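These are my notebook entries on two positions and their surroundings. The chain under study is displayed here.

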Amino acid sequence: MKPESALQRSIRHYLTLNGIDSVAVPNGAHLSGDATARARQMNAMKADGLMVGFPDLLLYPRRIAAIGHFEIKTEGGKLSPAQKTCIAWLEGRGHRVAVIRSIDDARDTLTAWGWLHPAPDCVK
């Protein structure tokens, strides 16, 4: 399994534990066949609505009516030009979007969005 896939699965598990449902967007699907067959498949998926660069996960918190987007990247992973364009497009429409590289990033982002409440400091 690719490191980004493993990270995405662990983040989805974390989201579920915190009352947030998520849906994966399979933009990184592996196409089969030769170059011509793959081009035909990609063109068909685009005609069906695929948007190159769309974030990996759609987020739906169970307690509030909201939608968020996570683009999952491993440490050192860079956004493609299409991903940057798509993120700007979503944010320009008022959507919440974040690039997530760890469970800590997910927690911090969800807390900043008001979807999670920070854990209280322990009193000693």
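**Entry 1: S22**

I looked up S22 and found that S22 is buried, at a relative accessible area of 10% (buried is under 20%, exposed over 50% and partly exposed in between, with a 1.4 Å probe and protein chains only). The model is predicted, with pLDDT of at least 70 needed for local features and 80 or more for side-chain atom pairs, while totals for chains, interfaces and linings use all residues. Residues are numbered from 1 along each chain as its sequence is written, and side-chain values use heavy atoms, without hydrogens and water.

I located S22 in strand 1 (strands are DSSP runs of E of at least two residues, helices runs of H or I of at least four, numbered from the N terminus). Beyond four places in sequence, I list R12, L15, L57, L58 and L59 in contact with S22 (heavy atoms within 4.5 Å). The side chains of S22 and R12 make a polar contact at 2.8 Å (N or O atoms within 3.5 Å, one able to donate a hydrogen and the other to accept it within protein; residues adjacent in sequence count only if both atoms are side-chain atoms).

**Entry 2: T109**

I then turned to T109, in helix 4 (residues 103–112). T109 is buried, with a relative accessible area of 14%. A polar atom of the T109 side chain lies 2.9 Å from the backbone oxygen of D105. Outside four places in sequence, I noted contacts of T109 with F70, A98 and I100.
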